[in-house]
Amino acid sequence: MKKTKSNSSLILSIVALVFSISTFAQDISGSWKGVLKVQGQEIPLFFNVSNDNGVLSSTMDSPSQGATGIPMDKTVFEANELTIAFTQGGIKYVGVLENETINGTFFQGGMELPLNLSKTVKTKPGDVSLPSTKESLDKLAAFDNGTYKYSAEDYFQDPSKSSFQFSPKGNYFSFREKDENGKNHVYVKDTKTEKVTLAIKEGEELIRGYGWANDNRLVYIKDNGGNENYQLFAANLDGSNPKALTPFEDVQVNFSNLLKDQPDHVIIMMNKDNKQIFEPYKLNIVTGEMVKLYENKDASSPIAGYEFDKDGELRGYTKQQNGVEYVLYYRTGNDQPFNEIVTTNWQDSFSLVAFNYNTPYKHDAYVLTNLESNTSELVLYDLAKKEIIERIYSNDTFDVGGVSRSRKRNYEVDYYYYTGEKTHVVPVSSYYKKLDKKFKKQFGDKVYSIVDKTDDEDKYLIILQTDKLYGTYYTYDVKKDEFTKILDLMPQLHEEDMAEMRPINFTTRDGLKVYGYITIPNNIKKGERVPLIVNPHGGPYGVRDYWGFNPETQLFASRGYATLQVNYRGSGGYGKDFFLAGNKQIGRKMLNDLEDAVAYAKTLDFIDNDKVAIYGASYGGLATLGSLVKTPDLYTCGIDYVGVSNLFTFFESFPEYWKPYMAQFNEQWYNSEDEEDQKIMTAVSPALHVDKITKPLFVIQGANDPRVNIDESDQVVKSMRARGIDVPYMVKYDEGHGFSHEQNKVELYKAMLGFFAQHLK
């Protein structure tokens, strides 16, 4: 840093310069934290100052606003005064260093706010000595050295445009578009003039989702490096009046209700006052003003969900009691008390889907329940009389998914839906039957889904998908009776080159019928056998795999690998008996189901029996590690992606908002305080048995993962390397429970392909 003083002697100038540079290195370099107080809100800020041979630079973090690493364009420290500025953002900070504190003022938008900073230490999660170097991971990726038509980028680059939505009245059409730096900004197109305007600019932190709150304003959410503490933001369709609506540190916001008749307001849930409990707030998306709608006072029996009607009135709530029971309360009027309607155990379901507005009697509601059946059925229920009015729809094998209604046509039911081997829609209203017939005639054997529609139902947004088609968007103009193709999300992936995903089912060793899918590489020659990748899904409970385009299995198929996906016991969608069959079977019968699935796959005439890999994420990572411990001779290698490894440390690391559900975890997973369960937990925690893992392993982790702490992966890598076994370990410090940044995803799958090529080919 060059420094001049016109009225000082040369000696004093040199002394001052040396003193200043030494002060930089000792006192200014590092991270400084402070809290801005704005309109009753507290906004934490970090300034991270670096000194490179006397030249200062800095970045700013605003974690509560989902922004980190914002580069400042001016950093000066003279005579104990620090000045940091970001000219483009109209931000400046000036403060005086006094011991370990900088006392100063933050300037932005005409405001002058006191901001005192104190020295802090920013540390990376986990053991930073463990992750493999970029060079070693590049070397691993290089094993995938064949000549292929498609690359990992082709499958995992973000689409050039995506996330299309109509504004409520259809005057505007929004979408996300990727720039040359891989940032996906939100744009708004005027449907009459076709003028396109940048509405929301994506910064360092990813926009995790966005939508129209009303005809003029968009809302969107971001977190901090994948930590899932989602915060809500808003901006006008032309980008004006941007506002951080929930700038609270370490608070998670969940969206609850749009209020169509109160367009400037939404209802959100926040764990602001108690990290373990979510409470509802009515939020003005223009001013940021919010009002708590109901106070959740009993932390020992917290409210797990709230039921608001279309007018924003709280009609009911579900309270958790004893950790394992759920009690639905309902009131017949705003001046009436909440009365108990039904009590269920976590093993049963009674879920209020929607109030029925297509009747003068206001206490009817659509409910999904399995209290009187194995599979969840859709019923019409009288909440005042506490009785079923009508059983509307059910399926003997698969749970009903829900119901779709038309707001424009007084909430008439359009269709029911459920997912079996594929997704099925059952048209109900005469209007939708005609629409369904028209769409099927237009799109043939392609599976269509209605993504969005205007309030007047005069324009529809449709996506076509199959197991070989990533997605093609169309609009349908009702008045013109006209279909318009918007774009293919992944035009570089040609449908005719993609692999078939075939539904399968088999019977396990204990007589349970299990469903799943196998993706089969194209052009397998007669007599040829290909390696198999077993890919257990996460969860494990209530989650399942689906038929459709899967970029992972398609990428693997492009390299000649078949992929087996198993909806093992405990998976969702197959009824209560199947769900409960997975109870306390983690590391036990759940793994048996995977082994039985492999045995089934080997009866097919194209699987190489000696080359079977296993790869999974989250619980799938636990299943991967557990399988390498339980049946080491069955698998050739394994990949653990953000996977649990030690049930004891996993339970201890739960985020605060999971802790009210510990009693259910104890019944469904295992109880760490029960002696018999402790024995099972010890037996099925792979981190405690790494000596039994003899096959090659690749471990992948997001450092900020709030669900599966990085320690879960660190444990395994440390133990394996202590035995002298090299384990490639990829860690990304800007990711959480799964990678979201495009470049990180591409690096991940390149390394994964290299690992499989090294061990399966």
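Visitor: Which strands does helix 8 lie across?
Guide: Helix 8 lies across strand 41, strand 42 (637-641) and strand 43 (697-702). Helix 8 runs at about 135 degrees to strand 41. Axes here are lines fitted to C-alpha atoms, for helices over the stretch in contact, and angles run from 0 to 180 degrees between N-to-C directions. Contact means heavy atoms within 4.5 Å. Helices (H or I, at least four residues) and strands (E, at least two) are DSSP runs, numbered from the N terminus.

Visitor: Before I go on, what sort of model is this?
Guide: A predicted one: local features need pLDDT of at least 70, side-chain atom pairs count only at pLDDT 80 or more, and totals for chains, interfaces and linings use all residues. Residues are numbered from 1 along each chain as its sequence is written, and side-chain values use heavy atoms, with hydrogens and water left out.

Visitor: OK. Which strands does helix 12 lie across?
Guide: Helix 12 (residues 710-722) lies across strand 42, strand 43 and strand 44, at about 150 degrees to strand 43.

Visitor: And what's the strand order in the eight-stranded sheet?
Guide: The order is 37-38-40-39-41-42-43-44, in an open sheet with mixed pairing. Two strands count as paired if DSSP finds at least two bridges between them.

Visitor: Which strands stand at the edges?
Guide: Strand 37 and strand 44 (729-732); each has a single partner strand, so one side of each is left without a neighbour in the sheet. The twist averages 20 degrees from one strand to the next.

Visitor: How many bridges join strand 39 to strand 40?
Guide: Three, and the two strands run parallel. Val534 stands opposite Leu564 in strand 40.

Visitor: Switching to helix 7: how many of its residues are buried?
Guide: 10 of its 14, so to speak mostly covered, where buried means under 20% relative accessible area (exposed is over 50%, partly exposed in between; 1.4 Å probe, protein chains only). Among them are Met590, Leu594 and Val598.

Visitor: What do those buried residues pack against?
Guide: Strand 37 (500-507), strand 39 (530-534), strand 40 (562-567), strand 41 (607-617) and helix 8 (619-630).
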